[in-house]
Each structure stands twice: as structure tokens, then as C-alpha cells.
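Let us take a friendly walk through a protein model together. Please have the sequence and the structure open beside you as you read.

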Amino acid sequence: MTTPEILTIILTTAVTMGTPLLFATLGGVLSERAGVIHLGMEGIMLVSALVTFVVDLQTGSKVLALIGAMMAAGALSGLHGFVCISLRGNQIASGLALALFGTGLSGLFGDALIGSTVTSLDRIPIPGLELIPILGSAFFNQDWMVYLSYVLVAGLWFMLFHTNWGLQIRSVGEAPIVCDALGLSVAKIRFLCVIFGGMLIGLGGAYFPMVLTSFWVDDLTAGRGWIAVALVIFAFWHPGKALWGAYLFGAAIAFQLQAQVMGLKIPSYILEMFPYLLTIVVLTVVTVRNRRAGQTFMPAALGLPFFRGDKH
Amino acid sequence: MIKHLLTILVTLMLWVPNFASAADPKVAFIYVGPVGDGGWTYAHDLGRRHLEKMGVETTYVESVPETDSERVLRNLARRGYDIIFTTSFGYMDPTLNVAKQFPDTIFMHASGFRTHDNMGNYFARMYQARYLVGMVAGMMTKSDKIGIIGSHPIPEIIRHINAFTLGVRSVNPKATTQVIWVNSWFDPAKEGAAANSLMDNGADIVTITTDSAAATQTAAKRGLYSIGNDSDMTLYGPEAHLTANIFNWGIYYEHIYNQVKNGTWKPSSDWWGIETGAVDLAPFGKMVPKNVQDMVMAKKAEIVSGEFVVFKGPIKGQDGSTAIAAGAFPSDQDLLSMMYYVEGVVGDIPQ
């Protein structure tokens with residue numbers, strides 16, 4: 001096997017393994033930019049994976065399945081929003097509860113589905129682009145959900161940093177009191193971000209039955225919702241960096257598998273640790289550097305419930 | 001006086017149900033994965049359901065992390081379960097610790113090696129079934145490359161890889177097995193990716209030591225073959241699933257339950273073979289030709305009768321040196337600590 005072929009295999013696997021992480025990370029970015037921490041990703045991904053599977057099994061329609069997954073994820077996130085925004089509850093506690101609740105819920109209703117299978121999405125090559133050496137087939141000969149993720153990365157980036165909406169969202173995450181004084185509804189903006197963010201996380205869950213594992217087993221995300229929680233921070237709440245972060249984690253898995261097949265004498269444990277190690281290193285370096293420059297990347301009001309006026 | 005007699009009477013009446021419940025042991029299980037994994041944990045849960053069908057009161061706690069198992073075990077013991085089966089290697093020391101604290105509860109730990117006054121361990125000689133499914137793979141492969149998705153590099157898994165490879169090469173000496181470790185018991189997405197990697201590199205059959213049916217699904221998608229593990233995985237890819245090495249834990253759990261009920265239980269290390277039915281093969285897929293099935297079933301009969309032993313020298317190590325001398329039979333202790341590959345396995349054991 002030639003080097004370009006090996007690289008193509010690694011990159012292709014990196015993209016397929018990274019895509020569910022990417023969707024979930026984007027959802028986390030949107031929610032946290034508005035100031036609401038979302039730790040419930042694992043639970044939301046599992047429930048939306050289950051809904052995708054059930055709707056696909058019943059109707060055979062991938063589009064309906066995806067809509068169902070997004071609605072379920074949006075509803076669960078709405079619950080998180082209600083606790084965190086309306087009741088001003090603790091965001092961490094609510095998120096953790098949601099993660100556990102979702103895991104349990106998917107297990108409970110998933111039991112009846114064990115043994116059934118659905119078809120997975122076909123790869124659709126994009127004419128022209130797929131012919132680019134190495135990268136073409138990895139990035140442009142994928143299923144349509146991967147292409148959807150590219151569109152979402154660009155769309156979310158543009159929305160957050162180049163539109164008035166984005167400015168409002170980021171402001172609510174940085175200085176809700178100022179926004180409130182300017183007449184913006186902090187609660188409304190946060191609610192919308194949590195719900196739409198949840199829908200994006202739901203796409204990450206849907207990717208499992210759609211592409212990765214077209215059968216139902218309990219716990220099929222195997223903890224990837226928690227990796228996405230870390231990736232949101234790793235990406236410094238930026239959609240573009242989320243893309244690289246997600247693919248980096250995907251690539252670590254792909255490389256680990258390929259290295260073993262090729263007989264490279266690299267212990268697989270080291271490769272497994274690598275992305276986490278990198279997360280810690282990058283966070284440390286960037287945080288230290290920015291603290292010197294007096295900058296922070298974390299939305300200033302992240303995790304803080306908003307109390308209006310003089311009520312607090 | 002009458003008051004005292006009454007007290008004694010009432011106390012005795014309160015005691016009676018306790019005696020009755022001692023005669024009918026209640027059984028608890030802790031599982032390392034979800035019961036819906038379709039593999040290892042699912043197989044244990046089928047065993048539990050077998051007890052339920054006999055009218056035994058059972059319960060289970062699933063997806064218990066090995067680090068959190070002591071707490072769960074103590075809780076179950078306190079709730080009055082008489083027999084607790086702990087079904088993952090990593091539960092061994094936690095089980096021993098809790099067994100010392102609850103001397104009246106009987107603990108049975110799967111796949112380990114520790115015993116105590118009230119703790120036994122058990123396993124089944126799955127390697128015998130692995131040898132047989134290896135024969136199937138050896139006869140069905142066209143590329144002479146068979147992929148194995150490894151979970152964790154512990155002696156049990158190494159032994160299974162070796163037995164499988166010996167089975168493959170007993171019928172096809174040119175064939176090799178390639179191992180990829182995923183360092184997880186259960187991660188369907190990664191198992192699927194590993195199956196793809198193996199097949200991208202020329203394997204036309206994959207088998208697993210992990211717990212999910214992802215590899216069978218991946219093989220089905222690519223029009224190749226798979227061999228399932230622990231439970232019959234035919235449902236997930238009927239056109240790909242050649243057969244599987246499976247557990248029938250119900251047979252063993254019934255045996256232990258009866259021993260405890262009759263008061264004949266003693267701590268021991270049980271290692272049940274294919275002759276007991278505790279391990280077996282899943283039904284063959286319809287693409288497995290009759291002559292292959294016949295050969296495998298004939299070999300199974302030889303193992304059952306004791307005429308054939310899987311690990312019997314001469315067996316060569318991965319580098320061609322002698323691992324087991326001609327005519328030698330490794331002891332169970334040797335098998336339980338096996339940490340080398342036999343000839344024909346490609347890859348390294350992670351250190």
C-alpha cells in the first residue's frame with residue numbers, strides 16, 4: 001500500500017469518526033457562546049440516536065429520522081434551558097442530570113430494538129473535488145451528513161462573527177447586564193441558543209445510526225458526548241477550531257488503528273492518550289499566553305445565571 | 001411470663017420468613033456493560049433470565065465501572081442477596097474486599113483467579129469454541145488474512161486469539177491472523193472503524209474479542225464475512241455472520257444456584273469446557289458449506305470426548321521458537337497466564 005493510500009484511509013476514518021464530535025461541539029459552542037454550559041451532550045446524543053433509529057425503522061426516511069432526532073434533542077435541551085434560564089438553576093447539575101437521564105431513557109426504550117438494523121447512508125462523491133489527491137476522497141467522498149457539517153461550520157462561524165444575531169448572542173454570553181440594559185431579552189436569546197445548540201448535538205447523536213453503527217445497542221456513543229464537552233473548550237468556543245479539534249480526535253483513532261495494521265511499534269495507549277494530552281497542552285499554553293495579554297476566550301458570563309436588575 | 005412467651009413467639013414468627021428466604025437464595029449480578037450490548041453482558045443476562053424462568057428472584061446492575069464496583073457490591077450484599085455474580089475481570093479485587101465484609105453472602109467472580117471462604121471464581125473454556133470457529137474462518141477465507149479486533153491485552157484474550165489462530169492454521173497453514181487492539185470492551189463506532197481498517201488491509205473475515213456486533217455489520221456492508229463473539233450475532237448481518245463462539249451461562253448459574261440452595265456450595269475455581277454446554281457455537285450461516293460444518297462438528301466431538309486438546313505441544317510461538325514442547329500439555333495455570341502469541345498471529349501485544 002502506498003503512502004497516499006494510507007493517508008487517505010487515515011483521513012477518511014478521521015472524518016467519519018470526527019463528524020459526530022463536530023456536530024456536538026458546534027452545538028456546545030452555540031449554547032456556551034450565549035452563556036449556558038451544556039454538559040448533557042452524552043444523554044442528548046443517545047436519545048437522538050434512539051429517535052433516529054426508531055423513525056428510520058418505522059418510516060424508512062432518513063430525513064424524517066433526522067428531523068425527529070433534532071426535535072427530541074431540542075426538547076431535552078429546552079428542559080435544560082428551563083432549569084438554567086427560567087429557574088436559574090445550576091447549569092452543571094442540570095447538564096449532568098440530563099446526561100444521566102438521557103442515557104437511562106435511551107437504554108429503557110432501546111431494549112425493544114436490540115437486534116434490528118437500518119441501512120446506512122451512502123457516500124456521495126462531489127464531482128471534481130473528490131479528485132484532489134489524498135484530501136479529495138477523504139473530505140469530498142462522504143455521506144451527506146458530513147457535507148451538512150461543513151455547511152454548519154461555515155454558517156455558524158458567519159452567524160456568530162458577522163451578523164447582528166451573532167453579536168447579540170456573544171454579548172449575552174459576555175455581559176448579560178449590558179444587553180438587558182440595551183433592551184435585549186437575555187432569556188430569549190439564551191433559550192434559542194440552548195435549543196438550537198441542542199439540535200446540533202442531536203445531529204451528532206443521529207450520525208451513529210445513520211452512518212457509524214446501523215444497529216441499536218445501549219450506550220452506542222460510548223462516551224463521545226463527554227469528549228465533545230472537552231472539545232468545546234479545546235476549540236475556544238470557535239466553530240472553525242471545532243472542526244480541527246473533532247478531526248484531530250478522529251485522526252488519533254484512525255492512526256491508532258492503521259499503525260497497528262502496518263505493524264508500527266507505537267504503543268496504542270500512547271496514541272489513545274495523544275489527543276487528550278494535546279488538549280491539556282494547548283489549553284495551558286493558550287491560557288497562559290492570553291492571561292499575559294489580558295485576554296480570555298471563555299465567554300465571561302458562562303455558567304452564571306442571569307438575575308435581572310436589582311433582584312440579586 | 002406470658003408477655004415473655006409472647007415476645008419469643010413473635011420473634012420466632014418474624015424469623016420464619018427469614019428461614020424460608022434462606023432456602024430460596026436471591027441472586028444478584030453486576031455487569032460491566034449494558035445488558036443490551038448483544039455480546040458479553042447480554043450472554044450473562046441470558047443466564048440470569050434462565051434463573052428467572054426457574055422462579056428464582058434475581059436482580060442486576062448494569063454498566064458498573066470497575067472502579068465503582070465495591071460500592072455497588074456492598075449495596076447488593078446489604079440488600080440481602082445471597083449469591084452475587086460479578087462478571088468482569090476488573091471486579092476481582094473489589095469482589096474479594098466486599099466478600100470479606102459480608103461472610104454470609106456468596107460471591108462468584110467471572111474470569112479471575114481469587115477465592116475466599118465465601119468467594120469462588122468461574123469461567124468457561126471459550127478457547128475451545130474459539131478453535132472451532134477458527135477452523136471455519138480458515139476454510140472460508142480467500143485472502144488467507146483474517147482480522148481480529150482485540151479488546152484488552154490480558155491473558156484471557158491472548159489465549160482466545162491463539163486458540164482461534166491454531167484453529168485457522170489447522171486447516172489452512174498459509175493463513176495468518178492480524179490483531180488490532182481497540183483498548184475497549186465496548187465501543188461500537190471504534191470497533192466498526194477497526195473492522196474497516198482490517199478489511200482495507202486485505203482481511204476478508206473479521207472476528208472480535210470485544211462485545212458489540214459492529215464488526216459483523218461492517219462486514220455485511222462490505223460483502224465480507226464475520227465471526228461473532230459471546231452471543232449469536234446472526235441478526236446483525238445474516239449474510240456475513242459465519243458463526244460465533246457463544247456462552248450458555250444459564251447452565252452454570254443453575255448449577256451454582258442449586259449448590260447454594262442445597263448447602264453443598266464450596267469455594268472453587270470452575271473452568272467449564274465445551275462438554276458441559278457452557279460454551280458452544282452459534283448456528284452456522286447458510287454460506288458455510290456442509291463439508292466445513294461437518295469437519296468442525298467432528299472436531300467438536302473430539303474435544304468433548306477429550307480425544308483432542310486445543311493447547312497441546314508442539315506449538316510454536318510467533319517468532320517460530322518452541323512455545324509448548326512436543327507432547328506437552330500446559331497446565332490451567334499456564335493457560336490462565338498466557339501472554340505470548342502463537343505462530344501465525346501478526347501484530348504486537350501492547351506492553
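## Where the two chains meet

How many salt bridges does the rule find across the interface of chain A and chain B? There is one, where a salt bridge is a side-chain nitrogen of Lys or Arg within 4 Å of a carboxyl oxygen of Asp or Glu. D187(B) forms a salt bridge with R224(A), and the closest N and O atoms of the pair are 3.0 Å apart.

Helix 11 of chain A gives the largest share, six residues. By type, the residues on this side are 16 nonpolar, ten polar and five charged. Here Ala, Val, Leu, Ile, Met, Phe, Trp, Tyr, Cys and Pro count as nonpolar, Asp, Glu, Lys and Arg as charged, and the others, Gly among them, as polar.

## How the model is read

This is a predicted model, in which local features need pLDDT of at least 70, side-chain atom pairs count only at pLDDT 80 or more, and totals for chains, interfaces and linings use all residues. Residues are numbered from 1 along each chain as its sequence is written, chains are lettered from A and ligands numbered from 1 in the order in which they are written, and side-chain values use heavy atoms, with hydrogens and water left out.

Helices (H or I, at least four residues) and strands (E, at least two) are DSSP runs, numbered from the N terminus.

## The size of the interface

The contact (heavy atoms within 4.5 Å) takes 31 residues from chain A and 34 residues from chain B. About 2,700 Å² is buried between the chains, and carbon and sulfur atoms give 56% of this area. Buried area is the accessible area (1.4 Å probe) that two parts lose on being put together, summed over both. In chain A, F215(A), L257(A) and V261(A) lose the most area to chain B, together 21% of what that side buries.

Is T221(A) buried or exposed? T221(A) is buried, at 0% relative accessibility; buried means under 20% relative accessible area, exposed over 50%, and partly exposed in between (1.4 Å probe, protein chains only). T221(A) lies in the loop between helix 9 and helix 10 (224-234) of chain A. Its side chain makes a polar contact with the side chain of E42(A) (2.9 Å).

D56(A) belongs to helix 2 (residues 41-59) of chain A. D56(A) is buried too, with a relative accessible area of 7%. Beyond its neighbours within four places in sequence, D56(A) is in contact with S61(A), K62(A), A65(A), V118(A) and T119(A).

## Strands in chain B

Strand 3 (residues 83-86) of chain B points I83(B) and F85(B) one way and I84(B) and T86(B) the other way, and all are buried. Strand 3 runs parallel to strand 1 (residues 27-30) of chain B, joined by four bridges. Two strands pair if DSSP finds at least two bridges between them.

Technical notes:
A polar contact is a pair of N or O atoms within 3.5 Å; within protein, one must be able to donate a hydrogen and the other to accept it, and residues adjacent in sequence count only if both atoms are side-chain atoms.
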